[in-house]
Amino acid sequence: MRLGLAVCMAIASGMLAACQPSLPATLEFVDQSPLQPKLGEITTLRFRAIDSRGQPQPGVRIVFETQAPVSGVEINPPESVTDVGTGIASTQVVAKGGRVSSVVVIARVEDLSVTSPAVTFAGSASNSRQFTFQCGSIAGNGSGGIHAIGAYDETRHLIAGVKVNCIAHVADRNGDGIAGAQVSFLTEAGTIGPSATSVTDVVGNAQVVYKTSLPMPDDVSPGTFSWTPLNDETHTGEYIAPLWMHPFTWQDDPITGYLAEPTLQEPRRPDPIRPGKENNPRDNLVSMIAVTTGEEAFDDLNNNGVRDAEEPYVDLTEPFVDNNDNGTWDPKERYVDANGNGKWDGKNGKYDPITLIWVQERIIWTGWPHDLDRGITSRNPKAVVRQLVPAPTGTPPRNIRNMLKFDAYVASFLLADPWFNSIARNGEADGCENGSVGPVEVTTFLKGQAFTYPAVTLMSYAVKDVRDPAANPPAPDYPRPIAYSVTAPCSFTASPEQGHVVVVNSPTVEGTIQ
């Protein structure tokens, strides 16, 4: 008679070997939990022993090993005995390195074995180098690229409630998005809603809505662009203006000096509507930040997944909103007191594996020109509109281009808002068209959404004889010369999110068709 397992367990150790259960007929992999473990997390693998009758077999000792050596991966325990009733034995696997690891575990009973699916460990703490914050999806969900919104009318009056979606993306040092991370937001002007915090989704994106409202952006003095901004214990090293503003082309008067050698001096002009006010592009450059918990970035030179003492790292200051764009905190600027000492602190001179990491985004509030902004007068020495083609001639100046039968040409002019910023252009159909008197038609030569915002925009449209030279029967003739004029309305969409459309008229171009 075969002794039961309970009896065998009671027998002296000298006879224990005789009571061991027979080898299982098969081994099978059961499951893994969690399915997508992060680096440093423990995942449990379960295997089952099946006897010759197809039933779970208890009391079987299973040994666990990796299919191939994997640095930083541990198996614990290395062996286990199957349970009564389920026939299941389990082991746990953890990847302690900072790099993505993949391992296959083999469960073995003498010559019988089964392998698990590949277990991949990826994902760790949020990393400052992988933390991005941008406004306006232009290349799919979570992308960014809307740099300007229309916030003022021609009298410099605020248009409240113009909105744009902004997205912070949180990822670890390997680029894997982190779900469930809490992100906080602060802004210089306007509001971020529906709350000041948001939680990342399954791909690591946290979306908020930004709206124009009080408070207004800080009025700042004109500055000078440098490719080597100050980067020390208290300065972040950020440029005075983002490169999408083309600060490397700056000069004092970008309309008059169009295509001249840059001086890097920020454009500026007296405001003809508001006496004593000087306008410059950064008056309406709004800074905002996203903040979360994570690690400072470092260069993993030996690829071991952890920062070693000699490896360079990015030392962060405490998060702050840089209202005046000088790269450091100034009194009255909002900040986050990461260490709770009641004051803003710069870089601490050491690598922080756990701290508050942050990233800055900047957008422009733009307006459109009043009639007082357009031409040079005693109260407006720097205009924001200038006709280029055809060039103005005569006294008073007129923009004249005479045409031949079936002729066509491209007219162009320079345009800026009252602060020497390009006007927000967020619609695919934005551009200049129509607006003609006489036998000509106007078509949009350049249209669509803007991606960068230099101090001025070159606006273009095509003018052509309305008759078709290929018409059959031939296009009718008319007494010549005949006069025409064009004042093309140019449309600008304030925001991709239900933004209003502004129309600015081009300078009038006139002439005759011979």
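On a 1 Å grid over the protein atoms alone, a cavity is a set of points where a 1.4 Å probe fits but cannot get out, while a pocket is an open set with protein on both sides within 12 Å along at least five of seven lines; lining residues have an atom within 4 Å of a point. By that rule the structure holds 1 cavity of 30 Å³ or more.

Do keep in mind that this is a predicted model, where local features need pLDDT of at least 70, side-chain atom pairs count only at pLDDT 80 or more, and totals for chains, interfaces and linings use all residues. Residues are numbered from 1 along each chain as its sequence is written, and side-chain values use heavy atoms, without hydrogens and water.

Here are the two spaces. A volume is the space filled by probe spheres set on the points, with grid points joined across faces, edges and corners. Nonpolar covers Ala, Val, Leu, Ile, Met, Phe, Trp, Tyr, Cys and Pro; charged covers Asp, Glu, Lys and Arg; the others, Gly among them, are polar.

| Space | Volume | Lining residues by class |
|---|---|---|
| Largest cavity | about 50 Å³ | 7 nonpolar, 4 polar, no charged |
| Largest pocket | about 630 Å³ | 13 nonpolar, 9 polar, 7 charged |

Around the largest cavity you will find, among others, Tyr 152, Trp 368, Phe 492 and His 500. The largest pocket has 29 lining residues, and Thr 236, Glu 238, Trp 358, Val 359 and Gln 360 lie nearest its centre. Strand 21 gives the most to this lining, with 5 residues; strands are DSSP runs (E, at least two residues), numbered from the N terminus.

Key. Helix = DSSP H or I, 4+ residues; strand = E, 2+ residues; numbered from the N terminus.
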